[in-house]
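This report describes one protein chain for a reader who is new to structural analysis. Please keep the sequence and the model in view while reading.

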Amino acid sequence: MLGGKKVTVVFVLGGPGSGKGTQCANIVEHFGFTHLSAGDLLRAEIKSGSENGTMIENMIKEGKIVPSEVTIKLLQEAMIKSENDKFLIDGFPRNEENRAAFENVTKISPAFVLFFDCSEEEMERRLLGRNQGRVDDNIETIKKRFKTFVDSSLPVIDYYTSKDKVKKIDAAKPIAEVFEDVKIIFAPYAPKVNYWLHLFFCTSIS
């Protein structure tokens with residue numbers, strides 16, 4: 001329960017360039033989830049000019065990691081404010097400490113973790129090819145981001161694997177094929193009318 005409502009939370013994890021953002025947009029469109037990005041919420045808080053935002057900005061400038069509690073509070077507020085009860089939380093938890101703090105503070109355990117599994121070679125190729133002018137899309141920074149992901153996020157995936165809560169997707173395939181795999185996982189969350197229509201058409205065709 002959160003703010004008086006029962007919520008479904010799915011953590012979305014994957015290395016930089018694994019295609020998480022693209023697939024999250026597809027899940028929102030087809031399955032009615034609300035997409036929450038921890039990074040976006042922190043950036044929005046900084047932009048708001050609040051005291052909290054100034055503290056976050058100073059920490060980031062000093063190269064410090066924003067405390068889990070701060071990020072969790074922003075995620076909690078966004079979920080309570082939302083009219084929805086199904087959430088994709090993207091890029092969080094980044095490490096084991098994040099994970100433990102999220103479950104302790106919110107008392108919410110994710111329904112499952114959607115893990116976009118992709119080789120470093122493929123992610124590197126995508127990041128270098130996307131030409132978005134992002135300062136972190138150069139080879140040295142990319143290598144550092146990969147290392148951070150492996151060191152910090154893989155223990156989170158291992159933890160939820162031990163709880164049988166990880167749904168792994170082969171993210172090296174083309175976008176449309178990846179989404180076909182995603183659709184199978186999210187079928188139970190489809191709007192009911194779509195689910196029955198889907199069932200009807202599948203049985204009619206076969």
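The sections below cover the basis of the model, the chain as a whole, its salt bridges, one arginine and the annotated positions.

## Basis of the model

The structure is a predicted model, in which local features need pLDDT of at least 70 and side-chain atom pairs count only at pLDDT 80 or more, while totals for chains, interfaces and linings use all residues. Residues are numbered from 1 along each chain as its sequence is written, and side-chain values use heavy atoms, with hydrogens and water left out.

## The chain as a whole

The chain contains nine helices and five strands. Helices (H or I, at least four residues) and strands (E, at least two) are DSSP runs, numbered from the N terminus. In sequence order, these elements give the pattern β-α-β-α-α-α-β-α-β-α-α-β-α-α.

Of the 206 residues, 40% count as buried. Buried means under 20% relative accessible area, exposed means over 50%, and partly exposed lies in between (1.4 Å probe, protein chains only). The chain exposes about 11700 Å², and carbon and sulfur atoms supply 55% of this area; the areas come from the Shrake-Rupley method with a 1.4 Å probe, and for residues only the protein chains shown count as cover. A contact means heavy atoms within 4.5 Å. Among contacts between residues at least 6 apart in sequence, 74% join residues at least 24 apart.

## Salt bridges

Side chains of opposite charge can pair when their charged atoms come close. A salt bridge is defined here as a side-chain nitrogen of Lys or Arg within 4 Å of a carboxyl oxygen of Asp or Glu. A search of the whole structure finds eight salt bridges. One of them joins D90 and K20, with the closest N and O atoms 4.0 Å apart. This pair links distant parts of the chain, since D90 is in strand 3 (residues 86-90) and K20 is in helix 1 (residues 20-31), 70 residues apart. D90 is buried at 11% relative accessible area, and K20 is buried at 16%.

Another salt bridge joins E77 and K73 (3.1 Å, N to O). The two are separated by about one helical turn because they are four residues apart in helix 4 (residues 68-81). E77 is partly exposed at 32%, as is K73 at 47%. E180 and K183 also form a salt bridge, with the closest N and O atoms 3.1 Å apart. These residues are three apart in helix 8 (residues 175-186), so about one helical turn separates them.

## Surroundings of R99

R99 is part of helix 5 (residues 96-106) and is buried, with a relative accessible area of 9%. Its side chain makes a polar contact with the side chain of E96 (2.8 Å). A polar contact is a pair of N or O atoms within 3.5 Å; within protein, one must be able to donate a hydrogen and the other to accept it, and residues adjacent in sequence count only if both atoms are side-chain atoms.

Apart from neighbours within four places in sequence, R99 is in contact with P93, V156, Y159 and Y160. R99 and Y159 are 60 residues apart along the chain, and their C-alpha atoms are separated by 9.5 Å.

## Annotated positions

An unreviewed UniProt entry places the feature "binding site" at ten positions, among them G91 and R145. UniProt positions are given in the numbering used here, feature names are shortened, and annotations may be inferred rather than shown by experiment. G91 lies in the loop between strand 3 and helix 5 and is buried at 19%. R145 is in helix 7 (residues 139-162) and is partly exposed at 23%.
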